[in-house]
Amino acid sequence: CFQKCEHCRQMGATIPCRAAGCPRLYHFPCAAASGCFQSMKTLRLFCPQHVAEAVQMEDARCSVCDGPGDLRDLVFCTSCGQHYHGACLDIALTPRKRSGWQCPECKVCQTCRQPGEDSMMLVCEACDKGYHTFCMEPAIEGLPTDSWKCKNCRVCSDCGRRPAGLDPGCQWYRSYSVCEGCQQRRATEDARGAPAHVPQPDPPAQMLASPDRSEPPDVPVPELESVGCNEKPQLGGDPEETPPGDGGSPPDELTPVEVPPSEVPPDELPLNKASPNELPPPLVQPPEEPPPLVEPPPLVQPPEEPP
């Protein structure tokens with residue numbers, strides 16, 4: 001019981017290879033899974049490396065072709081002990097199929113453990129074990145037209161989950177290799193039709209206006225009012241023609257032109273605060289009026305003094 005199995009690498013192997021000097025040991029199901037030749041009549045086993053030594057044995061014959069053929073392609077029935085070539089049964093032999101394999105005459109339902117009802121027997125394509133359709137939960141009304149896998153062999157190729165980790169009523173797709181949730185996700189992705197490359201966004205409008213990206217985009221420039229050839233533009237404009245709110249006097253106050261500065265109290269003079277970007281308008285002094293003519297007083301002759 002302290003011997004390690006050559007196939008599963010676990011302890012408890014008890015069946016040795018009968019080849020001289022071979023130290024390999026196997027469990028009974030592991031010997032079938034690894035492809036060893038086993039004889040039910042002589043209770044002898046040869047490992048895959050020494051299977052050629054079984055060619056002279058009596059039961060090293062295929063029950064279909066009645067010849068030894070390729071001994072490495074022989075599969076051992078764990079119920080009757082007969083051997084069959086996988087090619088003669090049209091079966092691709094795998095370790096999962098070899099382990100616990102039963103020939104067509106010995107095959108029983110894995111649920112009820114009874115043979116018969118071959119027309120209602122489902123055979124798993126992964127392990128080649130049989131199940132009655134009426135023994136399954138839930139029961140299947142008819143045989144599927146495509147390949148079928150039992151619950152022990154179903155593994156979702158997308159999420160890696162098995163039926164034990166899914167809802168009991170979960171449906172399977174693509175020959176029982178994709179669970180229902182992953183199939184719905186695939187259908188959603190197919191409906192979206194993801195493109196092969198991500199489209200680039202359209203360039204901005206200003207870049208479309210300039211064919212040469214090295215040139216700056218066109219920016220509107222405010223037009224300057226034309227000035228006559230013989231006229232000079234005045235900074236700030238004429239105070240009398242300045243509209244309200246453009247840096248001139250407020251609408252309710254009098255401009256310096258309308259009221260002379262001498263007649264307005266100093267406290268009521270409007271303060272024209274020019275903007276930091278504009279020069280104050282020139283002050284226009286009212287014309288000076290000449291002083292009124294005052295007639296000189298008549299000359300008064302002093303009284304003549306007597307001599």
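Reply: What follows is a close look at one loop and the elements around it.

The model is predicted, and local features are therefore reported only at pLDDT of at least 70 and side-chain atom pairs only at pLDDT 80 or more, while totals for chains, interfaces and linings use all residues. Residues are numbered from 1 along each chain as its sequence is written, and side-chain values use heavy atoms, with hydrogens and water left out.

Lysine 149 is buried but has no salt bridge, the nearest side chain of opposite charge being glutamate 125, 4.1 Å away. Here buried means under 20% relative accessible area, exposed over 50%, and partly exposed in between, with a 1.4 Å probe and protein chains only. A salt bridge needs a side-chain nitrogen of Lys or Arg within 4 Å of a carboxyl oxygen of Asp or Glu, and for charge Lys and Arg count as positive and Asp and Glu as negative, with His and the chain ends not counted. If neighbours within four places in sequence are left aside, lysine 149 is in contact (heavy atoms within 4.5 Å) with Cys124, Glu125, Arg154, Ser175, Tyr176 and Ser177.

Next come the aromatic side chains. The structure holds 3 aromatic pairs; rings of Phe, Tyr and Trp (its six-membered ring) pair if their centres lie within 6.5 Å, and planes under 30 degrees apart count as stacked, over 60 as edge-to-face and the rest as tilted. One of these pairs lies elsewhere, with tyrosine 84 and tryptophan 101 edge-to-face at 5.7 Å centre to centre and 65° between the planes. Tyrosine 84 sits in strand β6 (residues 83-85) and tryptophan 101 in the loop between α3 (95-98) and β7 (121-123), so this pair ties together parts 17 residues apart in sequence. Because tyrosine 131 lies in strand β8 (residues 130-132) and tryptophan 148 in the loop between β8 and β9 (172-173), the pair ties together parts 17 residues apart in sequence. Tyrosine 131 is buried, with a relative accessible area of 12%, and tryptophan 148 is buried as well, at 3%.

Aspartate 158 forms a salt bridge with arginine 185, with the closest N and O atoms 3.0 Å apart. This pair joins distant parts of the chain, since aspartate 158 is in the loop between β8 and β9 and arginine 185 in helix α4, 27 residues apart. Both partners are partly exposed, aspartate 158 with a relative accessible area of 31% and arginine 185 with 38%. The side chain of arginine 185 also meets that of glutamate 189 in a salt bridge (3.2 Å, N to O), and these two residues both lie in helix α4, 4 residues apart, about one turn of the helix. Glutamate 189 is partly exposed, with a relative accessible area of 41%. Asp158, Arg185, Arg186 and Glu189 are linked in a network of salt bridges, and a search of the whole structure finds 7 salt bridges. Just after α4, glycine 193 takes a positive phi of about 60°.
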